[in-house]
Every structure is written in C-alpha cells, then in structure tokens.
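Thanks for coming, everyone. I'd like to walk you through one structure today, so let me put it on the screen.

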Amino acid sequence: MRALYGACTSALLTNAVTRQSSLFSASKQQSCQRLRGGAISAKGGMAVATADDQRLKKGIAEFYDESSGVWENIWGEHMHHGFYDPDAVVQISDHRSAQIRMIEQALQFASVPEDSQKKPRSIVDVGCGIGGSSRYISRKYEAECYGITLSPVQAKRANDLAASQGLANKVSFEVADALNQPFPDGKFDLVWSMESGEHMPDKLKFVSELARVAAPGGTIIIVTWCHRDLSPSEESLRPEEKRLLDKICDAFYLPAWCSTCDYVNLLESLSLQDIKSADWSENVAPFWPAVIKSALTWEGLTSLLQSGWKTIRGALVMPLMIEGFNKGVIKFSIITCRKPE
C-alpha cells in the first residue's frame with residue numbers, strides 16, 4: 001500500500017510540473033512588470049513598490065515557516081547547496097558533507113584569515129535559515145555571530161539549536177529585514193549571505209546594508225543565484241529564458257534576478273575593494289537531482305503533503321532549477337569584497 005501511495009504521489013508531483021503555468025497564473029505578482037528574466041519591478045527598476053515589497057516579505061516568511069521543518073528532517077541544519085567536484089559521482093551520504101564544504105570553500109575564496117590575531121571576532125549571517133552556517137562559523141573562529149531571517153519559525157528553531165549545541169552565549173537569531181538591519185554601522189568583521197540575495201527586492205539596498213554593517217577592513221561574502229551575464233549586444237534575457245525564471249520566481253518568492261556582473265557593478269559603485277567573483281554552477285550540479293530524489297522518498301512525500309501548499313509549489317519547480325542550470329540561464333555565483341580600512 002505504501003509503495004502504491006508513493007508511486008501515485010510521485011506521478012502527481014511529476015505531472016503537476018507540466019501544469020504549473022496555469023496554477024501560478026493567478027499569482028498577485030503577475031500585475032507587476034517582469035524584467036530581465038524573472039525580475040519583478042513596479043516601474044522598471046530593480047526595486048519593487050512598497051505594497052509588493054510587503055507582500056513579498058510576507059510570502060518569504062510564510063514559505064520558510066512552512067518548509068524549514070521538512071528540509072531539516074531530510075537534509076539537516078544547512079539550508080543551502082553543497083559544493084562538489086565537477087562530474088563527481090556522489091552518494092546520498094556525501095551531501096551533508098558537501099554543504100559544509102560549501103561554507104569552507106566560500107571562506108577560502110574570500111581569504112578569510114584563520115590566524116588568531118586576524119580572524120573575525122564578530123559575524124552577521126544575513127538570511128540565516130535555521131542557523132547552520134552561523135553555528136559552524138562561530139565554532140570555527142570562536143566568534144560571536146548574529147543571524148537574521150524573516151521567518152519567526154526559523155529564528156526560534158535556530159536559537160533552540162544554538163542552545164542545544166552549547167552556543168547560546170555566542171550565537172543568537174532574530175526576525176529582521178536584511179534591507180534594514182538592526183545593527184550599528186561597522187559592527188561586523190565578516191558579513192555572510194549564503195543564498196539569501198535572490199530574495200532581495202532591491203539589490204542596491206541589499207549590498208548597501210551589507211557594506212554599512214561591515215567593519216572597516218571587514219569581509220563581505222555573497223553566495224547567490226544569478227541569471228547569466230548578458231552579452232554587450234543584449235539588453236535583456238531571451239523571452240523563453242524569462243518565462244522559465246518567472247515560474248521559479250512565483251514558487252520561491254523571488255523578485256528581481258540580476259547577473260553576477262550586476263552585483264560586481266553595484267559593489268564597485270560603493271567603492272568596495274578586492275572585489276572578485278566566480279561561477280560555481282558546475283560545483284553544485286549534483287544538488288538539485290539529489291533534492292528531488294529525497295523528495296520522492298516515502299519520508300519526503302509524506303512530509304511535503306503535510307507541510308502546506310507553498311512547500312508543495314516549491315517542490316514542483318525543482319526540475320525547472322535543473323533546466324535553468326543545464327541551459328546556462330541560472331548561475332550559482334560567489335561574489336566577495338572588502339570594506340576599505
């Protein structure tokens with residue numbers, strides 16, 4: 001009976017992917033203009049109007065309120081991609097270690113010092129999920145870490161995990177807006193954003209806040225989903241590329257996508273230093289097939305069906321993430337820089 005139920009549910013989820021355009025057509029976001037491959041903008045800029053901004057934040061919070069428990073039960077405390085060797089054959093047991101490797105690779109790419117005199121003492125995790133990165137980095141550097149998220153469920157779970165791991169005196173989490181952070185200027189030696197930038201409706205405001213809370217000489221690390229860089233002859237993505245990203249935007253509560261080049265230009269406009277970037281799309285290639293495979297297990301299917309429509313809707317577009325990566329439309333990017341002394 002369980003096998004029959006699982007097979008039927010798998011078929012239902014698979015078939016639903018092909019119908020998602022009609023399912024999402026009633027989305028309130030459809031009244032906004034779509035720009036540059038999934039961008040949602042009120043008047044053609046990279047920011048959305050206040051009403052849409054509030055609706056987006058509410059949707060993000062509710063999405064993660066619903067889905068975080070499902071993710072933790074199946075994948076653990078790290079709510080981000082893993083880092084793999086290109087073309088590696090990986091097993092299910094490799095994925096959690098790959099998520100740790102993602103953290104380490106990002107820190108190494110940004111040249112974050114481990115020397116006892118130079119290592120970061122204070123860290124902010126912007127879009128912290130349930131705090132996996134925060135706790136890991138805090139232990140690594142023996143540093144204080146503050147995490148912020150729009151999800152009250154995530155903030156509570158992150159604090160509970162910190163307490164259970166003996167880190168309550170080092171790591172804390174709260175509900176706050178990444179575009180209006182509750183911290184003074186220049187507070188943090190390391191500003192960390194692991195896969196939260198894609199949710200930000202105003203990319204300039206986002207990077208400006210990261211720079212504001214960074215201490216002089218502090219390091220900023222942004223790991224995020226981008227669309228491909230445009231060629232000099234292009235003004236936007238192709239229509240079919242935009243349609244693909246639009247479907248992903250609706251399900252994952254994503255506003256304007258931008259390219260890695262766009263991020264670099266924004267950081268340059270703020271006079272930040274040592275700016276560098278890399279495309280890690282090949283290094284995350286095994287991730288989404290593994291997530292889909294885990295979703296189609298008995299545990300994954302029952303968890304999805306119990307979680308709520310927002311989580312199910314997110315699961316339905318996971319094959320489109322693979323399509324976007326395979327077609328080169330979606331890029332998994334790291335961008336790092338340093339605030340001037």
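So, contacts along the protein chain: among those between residues at least 6 apart in sequence, 76% join residues at least 24 apart, where a contact means heavy atoms within 4.5 Å. Before I go on, the ground rules: this is a predicted model, local features need pLDDT of at least 70, side-chain atom pairs count only at pLDDT 80 or more, and totals for chains, interfaces and linings use all residues. Residues are numbered from 1 along each chain as its sequence is written, and side-chain values use heavy atoms, with hydrogens and water left out.

The protein chain has 13 helices and nine strands; these are DSSP runs numbered from the N terminus, with helices being H or I of at least four residues and strands being E of at least two. Of the 341 residues in the protein chain, 55% are buried. Buried here is under 20% relative accessible area, exposed is over 50%, and partly exposed is in between, with a 1.4 Å probe and protein chains only.

Let's look at some strands. Val 191 lies in strand S6, residues 188-194, and it's buried, at a relative accessible area of 0%. What does Val 191 touch, not counting residues up to four places away in sequence? The list is Val 124, Val 126, Leu 210, Val 213, Ala 214, Thr 219, Ile 220 and Ile 221.

Next up, Thr 336, in strand S9, residues 330-338. Thr 336 is buried too, with a relative accessible area of 2%. Leaving out residues up to four places away in sequence, it touches Phe 109, Ala 110, Ile 220, Ile 221, Asp 274, Ile 275 and Lys 276. Thr 336 and Ser 111 are 225 residues apart along the chain, and their C-alpha atoms are separated by 9.4 Å.

Asp 274 lies in strand S8 and has a positive phi of about 50°, although it is not a glycine. Ser 271 is another non-glycine with a positive phi, about 60° this time. You'll find Ser 271 in the loop between helix H9 (260-269) and strand S8 (273-279), and it is exposed, with a relative accessible area of 51%.

One more threonine: Thr 149, in strand S4, residues 144-149. Buried or exposed, for Thr 149? Buried, with a relative accessible area of 6%. Its side chain makes a polar contact of 2.7 Å with the side chain of Gln 154. A polar contact is a pair of N or O atoms within 3.5 Å; within protein, one must be able to donate a hydrogen and the other to accept it, and residues adjacent in sequence count only if both atoms are side-chain atoms. A polar atom of the Thr 149 side chain also lies 3.1 Å from the backbone nitrogen of Ser 151.

On to the helices. The axes of H3 (residues 50-75) and H10 (residues 287-295) come within 11 Å and cross at roughly 100°. For those axes, lines are fitted to C-alpha atoms, for helices over the stretch in contact, and angles run from 0 to 180 degrees between N-to-C directions. H3 and H10 are therefore roughly perpendicular to each other; the classes are under 35 degrees for roughly parallel, over 145 for roughly antiparallel, 65 to 115 for roughly perpendicular, and oblique for the rest. Trp 71, Ile 74 and Trp 75 of H3 make the contact with Phe 287, Ala 290, Val 291 and Ser 294 of H10.

The other pair is H11 (residues 298-307) and H12 (residues 309-316), whose axes come within 6 Å and cross at roughly 130°. That makes H11 oblique to H12. Here Leu 304, Leu 305 and Ser 307 in H11 meet Thr 311, Ile 312 and Ala 315 in H12.

Last stop, H13, residues 318-326. Which residues of H13 are buried? Met 318, Leu 320, Met 321, Gly 324 and Phe 325. They cover an arc of only 150° around the axis, which puts them on the same side of H13; that arc is taken from the directions from the helix axis to the C-beta atoms. And just after H13, Gly 328 takes a positive phi of about 80°.
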